Amino acid sequence: MMKATHLVFIAIVLFFCNLLKAQTVNPLQFPKDKFTLETKKVRTTKGEVEVIYRAYMHIPYVANPVDKDYQSLNVFVPVKIDGKDTDASNAPILFEIAMGGYMSVNNAESIEAKQVKLSYRADLALVAGFVVVSTGCRGRDNRTANGKYYGKAPAVIVDLKAAVRYIRFNKGVLPGNVDWIVSVGCSAGGAVSALLGTSGNSPLYESYLNKIGAANASDNIFASACYSPITDLEHADMAYEWMYGQTPNRSGLVDQKLSKQLAKAYAEYQQSLNLKGRGDFGMVTAQNYQDYLIRYFLSPSASRFLKDSPDSVRNDYLKKNIWITWKDNKASFTFKDFVSHVGRMKGLPAFDDFNKKSPENILFGNDSVDARHFTNFSLRHLKSNKRSEIDNDIKNFTNLMNALYFVKQDNKGCAQYWWLRNGTSDNHTSQTVMINLATRLQNINKDVNAWLFWDGVHCADYDPEGFIEWIKNITGYRIQINTIEK
């Protein structure tokens with residue numbers, strides 16, 4: 001029989017174990033009381049607006065971070081707008097992706113000495129009463145002291161999904177409506193914003209998410225905003241040659257034999273997509289894509305630009321650009337003249353560089369190799385072997401990094417609402433990349449708002465307030481005011 005002293009000792013041990021367990025904080029619990037109050041003045045078309053908001057900084061969003069300096073986020077919650085107290089508990093959540101070039105985003109470096117720095121879109125979101133989440137993430141440049149890489153594909157999208165899961169896991173604690181998460185990013189950030197929107201709740205990421213201790217919650221989002229998205233990487237070289245193959249860059253024309261091979265491959269790829277164009281256009285193919293772009297995107301963009309310009313500005317612009325015909329408030333031109341106006345930026349191949357120097361080559365490296373080829377075309381050219389095949393793991397990673405892949409798979413977690421923007425003079429990738437995404441989404445009955453800013457360059461945004469109004473319209477949300485100070 002156990003002695004009474006032993007029983008007392010066991011009881012004491014159990015008591016303290018339970019006490020310690022009760023005091024243990026869930027690493028995925030949002031620290032709702034740990035914030036600072038920040039004040040800033042935001043310039044809008046209606047005048048300057050002062051916003052006071054809570055700033056929750058550098059919060060890890062996974063239980064087992066590889067590097068918490070990157071796998072953490074900031075949350076900004078407006079509490080007073082122009083002297084009026086506001087309640088953001090049910091507001092849309094703008095999920096801002098600051099990543100570019102598939103590079104990492106160090107969240108620990110996001111705090112300045114005297115003022116938290118936000119993007120202009122985020123500033124406008126706070127003015128509208130939205131919650132803003134700005135997240136760090138791993139990227140292609142992450143490397144340990146001993147030379148091991150830890151941010152290659154698909155690390156960036158895994159981290160972003162984990163951040164979304166964190167938000168959902170903290171429903172009712174972290175302010176904002178978790179059913180109204182709207183992602184936004186530009187360039188590679190636009191590509192992963194698109195990927196976040198199309199791949200919601202896909203089981204293909206589950207093992208990666210479990211490894212870093214992501215929250216047990218869904219990762220689909222309500223809407224996705226993508227500026228100049230660099231997506232569909234395994235077909236991007238083909239698309240680039242279809243559009244710019246006969247346009248010289250600074251070094252002159254690229255190898256026309258190789259360019260025509262890629263353009264031919266693109267025609268086959270475009271045919272396989274079976275995309276139905278707007279209105280009565282029919283199927284969009286490589287053969288009629290020029291007409292499709294001009295009719296529904298390029299001519300309307302140029303026409304709006306010229307119509308909205310003062311007479312003197314319009315006349316001067318047309319004198320400098322005689323390739324444009326302006327009649328009855330409509331701009332018309334040939335596709336060849338348009339492409340010559342834009343010009344070619346990149347060499348050949350534009351993405352899967354023969355020397356493996358492009359950001360995309362580096363994205364598809366692994367923990368011990370910095371850069372790898374991710375298309376058979378470049379690999380076969382390098383090895384002079386038409387039977388060479390890229391590694392199976394890269395085939396998987398290109399799928400995991402491609403928004404179009406998940407739309408083609410009819411992924412059920414795809415976002416319903418889309419805001420797609422690019423500049424007509426953006427020559428970082430082919431205009432067909434974003435338009436294919438827009439068309440595919442429309443074909444599956446998604447609500448797509450797509451537009452090209454005339455003469456806009458990469459990541460152009462000539463209507464940031466329009467973006468905020470779009471969020472208001474798709475959510476039906478209007479700022480919640482509690483009291484008005486005199």
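Analyst: Thr475 is buried, because its relative accessible area is 11%, where buried means under 20%, exposed over 50% and partly exposed in between, using a 1.4 Å probe and protein chains only. This is a predicted model, in which local features need pLDDT of at least 70 and side-chain atom pairs count only at pLDDT 80 or more, while totals for chains, interfaces and linings use all residues. Residues are numbered from 1 along each chain as its sequence is written, and side-chain values use heavy atoms, with hydrogens and water left out.

Thr475 belongs to helix H16, residues 464-475; helices are DSSP runs of H or I with at least four residues, strands are runs of E with at least two, and both are numbered from the N terminus. Leaving aside neighbours within four places in sequence, Thr475 is in contact with Pro92, Trp180 and Phe222, contact meaning heavy atoms within 4.5 Å. A polar atom of the Thr475 side chain also lies 3.4 Å from the backbone oxygen of Lys472.

Ile390 sits in the loop between H12 and helix H13 (392-400), and it counts as buried because its relative accessibility is 9%. Not counting residues up to four places away in sequence, Ile390 touches His373, Phe374, Thr375, Asn376, Leu379 and Lys395. The C-alpha atoms of Ile390 and Asn376 are 5.9 Å apart, although 14 residues separate the two along the chain.

Turning to helix H7, residues 256-273, its 18 residues reach 26 Å from the first C-alpha to the last, close to the 26 Å expected at 1.5 Å a residue, where the expected span is 1.5 Å times one less than the number of residues. The buried residues of H7 include Leu258, Leu262, Tyr266 and Leu273, and the helices against which its buried residues pack include H6, H8 and H15.

H7 and H15 pack at an angle of about 15° with their axes 12 Å apart, the axes being lines fitted to C-alpha atoms over the stretch in contact and the angles running from 0 to 180 degrees between N-to-C directions. The contact is made by Tyr266, Gln270 and Leu273 of H7 and by Thr432, Asn436 and Arg440 of H15.

Terms used: Polar contact = N/O pair within 3.5 Å; in protein donor to acceptor, adjacent residues only side chain to side chain.
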